[in-house]
Amino acid sequence: MLVDSHCHLDFPDFADDLDAIVARAEAAGVSRIVTISTRVRKINGLLEIAARFPNVYSSVGTHPHNADEEDGITSDELIALTKHPKVVALGEAGLDNFYKDGSPEAQERGFRAHIAAARATGLPLVIHTREADEACGRILEDEIAKGPFKAVLHCYTGGRELAMNAIGLGLSISFTGILTFKNSQAIRDIAAELPADRIMVETDAPYLAPGKFRGKRNEPSFVVETARVLAETRGVTLDEIARQTTENFFRLFNKVPRPDAKAA
């Protein structure tokens, strides 16, 4: 059993065959899917998808690329939206210095508002950080000092220092198909070193298909390939990685119900 802890089923890439995509994930042993919010103002579309599929859940949040568009959304607004039974996380929110689509000031305000909501609700925050290791580490340390919160650094591509800092603060780290790319040895080295109880896998679909599927539209069933490479990287079996990452997911995303033993 595996989990895709991060994908975007509301993106137009999936509009024509969403039922088949979810069915393929189930057939591949992917028991739970979390479709991640990038715009709070479009949460209704995500909730409609989550309502269609018993094994699909949602987050609520503003991607840093949309930070200016949704600047000013408060932690109270986010907290209110988490009352929905299928909203199981905050985010994705954070910092992105690669595309520079959101101003640094708005990104940081949004990041801190999402952290406050995660702290208040006990739900995990899905953190997006790209080419922002120093600033992300600074904010995380500053916010942890105000009180603990749960979070995962998704689609990890940062350096070892930020990874170990996050682990030291009690956070988790998730890997996508980037882990499988030939030029990603530095990421695999980090993945090999992390504690077993802090790692997860995801697709970030429709983006970042694993190497075996490079050039294709990514989808939740492909998380199996990322898990296979993570297992090889850590010198364990695929079954062990599936067990560990799935357990880590349910411990962190504890609002998501576990499949009953017979269904699993």
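Angles under 35 degrees count as roughly parallel, over 145 as roughly antiparallel, 65 to 115 as roughly perpendicular, and the rest as oblique. Axes are lines fitted to C-alpha atoms, for helices over the stretch in contact, and angles run from 0 to 180 degrees between N-to-C directions. Helices (H or I, at least four residues) and strands (E, at least two) are DSSP runs, numbered from the N terminus.

Welcome to the tour of a predicted model, in which local features need pLDDT of at least 70 and side-chain atom pairs count only at pLDDT 80 or more, while totals for chains, interfaces and linings use all residues. Residues are numbered from 1 along each chain as its sequence is written, and side-chain values use heavy atoms, with hydrogens and water left out.

**First stop: two helices**

Select residues 223–234, helix H8, and 238–252, helix H9: they pack at an angle of about 110 degrees, with axes 8 Å apart. H8 and H9 are therefore roughly perpendicular to each other. Now show the side chains in contact (heavy atoms within 4.5 Å): Val-224, Ala-227, Arg-228, Leu-230, Ala-231 and Arg-234 from H8, with Leu-238, Ile-241 and Thr-245 from H9.

**Second stop: the largest cavity**

Keep H9 in view, as it gives the most to the lining of the largest cavity, with three residues. On a 1 Å grid over the protein atoms alone, a cavity is a set of points where a 1.4 Å probe fits but cannot get out; a pocket is an open set with protein on both sides within 12 Å along at least five of seven lines; and lining residues have an atom within 4 Å of a point. Select Val-3, Ser-5, Met-200, Val-201, Thr-245, Thr-246 and Phe-249 to see what lines the largest cavity. Its volume is about 40 Å³, a volume being the space filled by probe spheres set on the points, with grid points joined across faces, edges and corners.

**Last stop: the largest pocket**

Finally, look for the largest pocket, which holds about 560 Å³ of space. Of its 24 lining residues, select the closest to its centre: His-63, Tyr-99, His-128, Arg-130 and Asp-204. Then colour strand S4 (87–96) and strand S5 (125–130), the elements that give two or more residues to the lining. The largest share, three residues, comes from S5.
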